[in-house]
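Dear colleague,

Please find below the sequence and the structure that I am handing over to you. My notes on what was found follow directly after them.

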Amino acid sequence: MTIGISMDTRCLIVIPCLNEEKHIGPLIAKLSPALDELDARIVVADGGSTDKTRDIVRDISAADPRVLLLDNPKRLQSAAINLAIETFGDDYDYFIRIDAHGDYPGDYCQILVREGSATGADSVVVAMRTMGFSAFQKATAVAQNSKLGNGGSKHREGAKGHWADHGHHALMRVAAFRAVGGYDETFSHNEDAELDYRLRKAGYRIWLTDKTAMTYYPRASIPTLFRQYLGYGRGRARNILKHRSMPSIRQMLPLAVVPIFVGAFLAILNWIAVIPVGLWAFACVAYGFWIALGERNPYGPLAAISAMVMHFAWSMGFWMEVLSFRGRRVIPTHRTGSIAP
């Protein structure tokens, strides 16, 4: 049975954006049916694009004033959402976070609101399906869609709808977002998981829907993939340090990568020191060939390389953050009075 959308429900669609001239126009066009069905407004929070992104959004806004361009001087995605909610949140029940470099079904926003209404969830999160165009992107997508790259994360692999601790951010009640203070702008990565921690602690509920999903396009080169996962590792460490929590088992395994890699240099004293890093490399390559043979996916072996880059960068970022934490004090609250009640 299809659950309708209440005519009283209003939704703010927020797109954090930076230099997305190739994607922003088609993305807004795909989301435009939601403007009528959800009595919605689209806010493109731009972090200072130097390409044609801002001109494209201005042209669209001139034709449809429900599409707005908002300057985001802090540039971060977390700051973009916070600013949009501060500026426009009073008039809306929900907001939907859209990533400019992703792809979405035409009814994505409508399904999210239906799920929020049907479940009573304070946040509806989605699975993230990864796909690529170049050979390296396709290989990275294979890694990120497998346990080799995601460690069994439900919002990476997809699962039946269920109450969850975390997922890819999609829809959230404005009131719940404001009640916990919005995103922590000291986080350049992992801000979504950090916010989910505070939501759950405050008694709000997160629903991982299986009715829709978004498509993500991974980084197209080793250096950009490395920098991305370096940031992810640092973000996860900041989250753990801030909330005095423990990493999950699937996070603890890649944490060991940099220590065993550094430990391998002790092989000059005893060859046994190289065994752990050798086992890790062998396991990744073997899994890649299993993907190639078992799933008949020719990108399996290259996916092993992508996974090793991801593991190493994530581990390095985590330990860099932990070591730099020495001498610093964790601030328990991230911003004061930034999200208007």
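In helix α6, the buried residues are Phe 136, Gln 137, Ala 139, Thr 140, Ala 141, Val 142, Ala 143 and Gln 144. Here "buried" means under 20% relative accessible area, with "exposed" over 50% and "partly exposed" in between, using a 1.4 Å probe and protein chains only. Helices are DSSP runs of H or I with at least four residues, strands are runs of E with at least two, and both are numbered from the N terminus.

Before going further, please note that this is a predicted model, in which local features need pLDDT of at least 70, side-chain atom pairs count only at pLDDT 80 or more, and totals for chains, interfaces and linings use all residues. Residues are numbered from 1 along each chain as its sequence is written, and side-chain values use heavy atoms, with hydrogens and water left out.

Because eight of the 10 residues of α6 are buried, this helix is largely enclosed by the rest of the structure. Helix α6 (residues 135–144) packs against helix α15 (residues 300–324) at an angle of about 70 degrees, and their axes are 8 Å apart. Axes are lines fitted to C-alpha atoms, for helices over the stretch in contact, and angles run from 0 to 180 degrees between N-to-C directions. The angle makes α6 roughly perpendicular to α15; the classes are roughly parallel under 35 degrees, roughly antiparallel over 145, roughly perpendicular from 65 to 115, and oblique for the rest.

On the α6 side, the contact (heavy atoms within 4.5 Å) is made by Ala 135, Phe 136, Ala 139, Thr 140, Val 142, Ala 143 and Gln 144, and on the α15 side by Leu 302, Ala 303, Ser 306, Ala 307 and Met 310. By class, this contact has nine nonpolar, three polar and no charged residues. Ala, Val, Leu, Ile, Met, Phe, Trp, Tyr, Cys and Pro count as nonpolar, Asp, Glu, Lys and Arg as charged, and the others, Gly among them, as polar.

**Trp 314 in helix α15**

Trp 314 also belongs to helix α15. Its relative accessibility is 12%, so Trp 314 counts as buried. Leaving aside residues up to four places away in sequence, Trp 314 touches Tyr 229, Leu 230, Tyr 232, Gly 233, Arg 236, Gln 251, Pro 254 and Leu 255.

**Helices α1 and α3**

The axes of α1 (residues 24–31) and α3 (residues 53–63) come within 9 Å and cross at roughly 30 degrees. The two helices are therefore roughly parallel to each other. Ile 24, Gly 25 and Ile 28 of α1 meet Thr 53, Ile 56, Val 57 and Ile 60 of α3. This contact has five nonpolar, two polar and no charged residues.

Eight of the 11 residues of α10 (residues 191–201) are buried, so α10 is largely enclosed by the rest of the structure. Among them are Glu 191, Asp 192 and Arg 198. Gly 203, which follows α10, has a positive phi, near 95 degrees.

Asp 122 lies in the loop between α5 (108–119) and β6 (123–130). With 14% relative accessibility, Asp 122 counts as buried. The side chain of Asp 122 reaches the backbone nitrogen of Arg 205 at 2.9 Å.

**Domains**

The protein chain is divided into domain 1 (11–134 + 153–218) and domain 2 (233–324), with bounds from an automatic or database domain assignment. Their C-alpha centres lie 30 Å apart.

With kind regards

Methods:
A polar contact is a pair of N or O atoms within 3.5 Å; within protein, one must be able to donate a hydrogen and the other to accept it, and residues adjacent in sequence count only if both atoms are side-chain atoms.
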